[in-house]
Number of protein chains: 2
Amino acid sequence: MMPNRTEYEDGRIIPLTLSAQVADRLRNWVLLGDLAPGEVLVERVLSEKLGVSRTPMREALQMLGREGLIAITPNRRPRVASPGLSDILELLEVHRLVEAHGARLAAKQISQAALTDLQRLLDEMELSGTRRGELEFFELDMAFHRQIVEASGNATLIETHSHLNARLYRTRFLSTQTISGRPLMQAQHTQILEALRARDADRAQARVEEHLHQLGRNITAIFNESKQGKGTGPQPGKTS
Amino acid sequence: MMPNRTEYEDGRIIPLTLSAQVADRLRNWVLLGDLAPGEVLVERVLSEKLGVSRTPMREALQMLGREGLIAITPNRRPRVASPGLSDILELLEVHRLVEAHGARLAAKQISQAALTDLQRLLDEMELSGTRRGELEFFELDMAFHRQIVEASGNATLIETHSHLNARLYRTRFLSTQTISGRPLMQAQHTQILEALRARDADRAQARVEEHLHQLGRNITAIFNESKQGKGTGPQPGKTS
DNA sequence: TACTGTCATAGTGTATACCAAATCTGCTCA
DNA sequence: TGAGCAGATTTGGTATACACTATGACAGTA
């Protein structure tokens, strides 16, 4: 996902603490589904598996808990979060609000280099959609959205967006699997980029909103399918 | 602040973990200024002072770090955050976005009881403005804003708003001290409530935006004063 | 004076061991 | 089948130890 092993601070490079590294690994496991929603996590087992002591493992679990990726209840074993559809739609609404605003800000000041980069991502997605694996398409998609918000230049907005996105990550990944929706998504991506190029803040905002509304519809469809299908929908168990 | 000592979960009441209790106390110290911005925190000293071991203290510090109230860097002692004006304005922009959207949602579905409660808060603020202490006015103000967002019914929105607000807490408290601005603020509060009563989502959103823009101006003024005044502006030291 | 390098001290990050209290699991019995 | 119980697990918290990093004071140098 993110090749996070170091961290900046006034130019010096400081290695991440062990807790943070463990959190990174766990996060990837959750996001990619190696740890299934609802699955129970046992501190000692995990810490042995990763060869670290309980202390950094506890801290890592706390981190993911605060990010909403796992549900932590006092005295109980943590579980991988498995939000219901309504939780996800609530999340998505705020996420949409934030990202759309990011696009609005970005339209006013995005650099030429960033625009070129976004175009490159779109091109690669075009190829990826037909030829390559789904994970790659997904990651390009994520990068596209992230870069737009980063172009807003508002650190708080970027951080908030990234937190919300982390919680939606798994769901969005599943959504990407449904290849049928891709052409529409791609067309919308193009429209967003056009609006940014035109420095049209209103349009950029509207296009992003539209796009994420569409995402909401896709997710709803997937959720309902898996629910009636073989009952393998997300388990109960709250999202902390 | 919040009388948090217990927590719900399917009806049973479970006491907060020690870490959470410690975090609550530290948070209050930071928000009320008992721990000054930029001040250095030492794990061992704090844990002794509160009579707990390092483990829960570390967890509490991590929590506040995530909330943006203290800045944590590996191997270094945590510091109470002391954001610069630009940081605060960025925060406020996102905060405004979230709260305004909350008001929009709230307008559509706020209960009669909640409206009555908001009116009560306004009335008390009116009294408080002339007769009582400033801390009380401030807390009523905070409660007013919080309740509006809570009326939105979107848990993610509420949570995000509360996080952002926590980071702005200290600054907003200082802003409240400037009594000269109160009549305007109060008038705006009334307008917001009127819009909610009228179930006018657009107007509610607009009024909240206006109000928080005004807050931004107040904060900017205060910040500049204190900076040129006696140089007692916020210290350097980043916000994590 | 201003700068640079050294060094002791202080403080965090991590490992370990241990205990109390809560939870979980499987069994028994109705 | 389901309620209730007891023992095994597991977490929350304490205490301690130690390696490694950062910090600040000091001495030496230009």
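A salt bridge, as I use the term, is a side-chain nitrogen of Lys or Arg within 4 Å of a carboxyl oxygen of Asp or Glu. By that rule there are five salt bridges across the interface of chain B and chain A. One of them joins the side chains of A:Arg58 and B:Glu59, at 3.1 Å from N to O.

Some housekeeping. This is a predicted model, in which local features need pLDDT of at least 70 and side-chain atom pairs count only at pLDDT 80 or more, while totals for chains, interfaces and linings use all residues. Residues are numbered from 1 along each chain as its sequence is written, chains are lettered from A and ligands numbered from 1 in the order in which they are written, and side-chain values use heavy atoms, with hydrogens and water left out.

Back to the interface. Chain A brings 33 residues to the contact and chain B brings 30, where contact means heavy atoms within 4.5 Å. The two chains bury about 2800 Å² between them, with 51% of it on carbon and sulfur atoms; buried area is the accessible area (1.4 Å probe) that two parts lose on being put together, summed over both. Between chain B and chain A, 11 residue pairs are in polar contact, both residues at pLDDT 80 or more. A polar contact is a pair of N or O atoms within 3.5 Å; within protein, one must be able to donate a hydrogen and the other to accept it, and residues adjacent in sequence count only if both atoms are side-chain atoms.

A backbone N or O atom of A:Leu18 is 2.3 Å from a phosphate oxygen of DNA strand C. For A:Arg77, a polar side-chain atom lies 3.1 Å from a sugar or linking oxygen of DNA strand C. B:Arg54 places a side-chain N or O atom 3.0 Å from a base nitrogen of DNA strand C.

Last, confidence. pLDDT is the predictor's confidence in each residue, from 0 to 100. Chain A averages 89, and 88% of its residues score at least 70. Over residues 230-240 of chain A the pLDDT is below 50, and this stretch has 21 contacts in the model beyond near neighbours in sequence.
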